[in-house]
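Okay, thanks for coming, everyone. I'd like to walk you through one model today, going residue by residue and then zooming out. Let me put it on the screen.

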Amino acid sequence: MATLNEKHRKFLEKPFVGTATTLRDDGSPHSTIVWVDNDSDDIMFNTAVGRAKERHLRKDPRASLLVVDPENTYQWLAVSGPAELTTDGADAQIDKLAKKYMGADEYPWHKPEETRVKVRIQPEHVTAYGLD
């Protein structure tokens, strides 16, 4: 297992979006933009039941996440490894992310019929540029 260092954690505290990549049934990559959260050595994002990311990860937990500083594209962090999915704390996490990215106390697009999912990537590979 790889770990995030203190500079990586500080970088992830900034409201930079990430590109999450999962694998489709045919093995081809599927990439989408996500809000990024971190907890110690794991990097996380949030999705909802039924979305492509959630469906793909239930079948194949391999995932990667790339976060690039939009003001300095020579500063970036890439993490890949197996993802764990849980609904525990997912609603609170999306509200936390809404605060980080929008300044809102609650996620404004939450639908009562939607089940939020917290995705936690356990780093097997960590690559960074401009952060060491």
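Predicted model: local features only at pLDDT ≥ 70, side-chain atom pairs only at ≥ 80, totals over all residues.

Let's start at T19, which is partly exposed at a relative accessible area of 26%. For the cut-offs, buried is under 20% relative accessible area, exposed is over 50%, and partly exposed is in between, with a 1.4 Å probe and protein chains only. Residues are numbered from 1 along each chain as its sequence is written, and side-chain values use heavy atoms, with hydrogens and water left out.

Back to T19, then. T19 sits in strand β1, residues 18-23. Helices here are DSSP runs of H or I with at least four residues, strands are runs of E with at least two, and both are numbered from the N terminus. What does T19 touch, leaving aside its neighbours within four places in sequence? The list is S31, T32 and I33, plus S64, L65 and L66. By contact I mean heavy atoms within 4.5 Å. One distance to go with that: T19 and V36 are 17 residues apart along the chain, and their C-alpha atoms are separated by 9.2 Å.

Now A78, over in strand β6. A78 counts as partly exposed, at 21% relative accessibility. Setting aside neighbours within four places in sequence, A78 has L65 and L66 as contacts, and also H125, V126 and T127. L65 and L66 were on the T19 list too. From A78 to V67 you go 11 residues in sequence, and C-alpha to C-alpha that pair is 6.4 Å apart in space.

Next stop, N38, which is in strand β3, residues 37-39. Buried or exposed? N38 is buried, with a relative accessible area of 17%. Once neighbours within four places in sequence are left out, N38 is in contact with R9, L12, I43, M44 and K96.

S40 is partly exposed, with a relative accessible area of 45%. Not counting residues up to four places away in sequence, S40 touches L4 and R9, and R9 is also a contact of N38. S40 and D25 are 15 residues apart in sequence, yet C-alpha to C-alpha they are 31 Å apart in space.

Okay, aromatics. How many aromatic pairs does a search of the whole structure find? Five. The rule is that rings of Phe, Tyr and Trp (its six-membered ring) pair if their centres lie within 6.5 Å; planes under 30 degrees apart count as stacked, over 60 as edge-to-face, and the rest as tilted. One of the pairs is W35 with Y107, edge-to-face, at 6.0 Å centre to centre and 90° between the planes. W35 is in the loop between β2 (29-34) and β3, and Y107 is in the loop between α3 (90-102) and β7 (116-121), so this pair ties together parts that are 72 residues apart in sequence. Y107 is buried, with a relative accessible area of 15%.

Then there's W76 with Y129: ring centres 6.4 Å apart and planes at 15°, so that pair is stacked. This one also links distant parts of the chain, with W76 in strand β6 (residues 76-86) and Y129 in strand β8 (residues 125-129), 53 residues apart. W76 is partly exposed at 25% relative accessibility, and Y129 is partly exposed with a relative accessible area of 46%. Finally, W35, Y101, Y107 and W109 form one aromatic cluster.

Zooming out now. The protein chain has three helices and eight strands, and from the N terminus on they run α-β-β-β-β-α-β-β-α-β-β. Of the contacts with a separation of 6 or more, 70% are between residues 24 or more positions apart. Buried residues make up 41% of the 132 residues.

On overall size, a compact globule with 132 residues would have a radius of gyration near 14 Å, and the protein chain has 14 Å, which agrees. That radius is taken over C-alpha atoms, and the globule rule is 2.2 Å times the number of residues to the power 0.38. The C-alpha atoms fill a box of roughly 45 × 40 × 25 Å along the principal axes.

That's my tour, so over to you.
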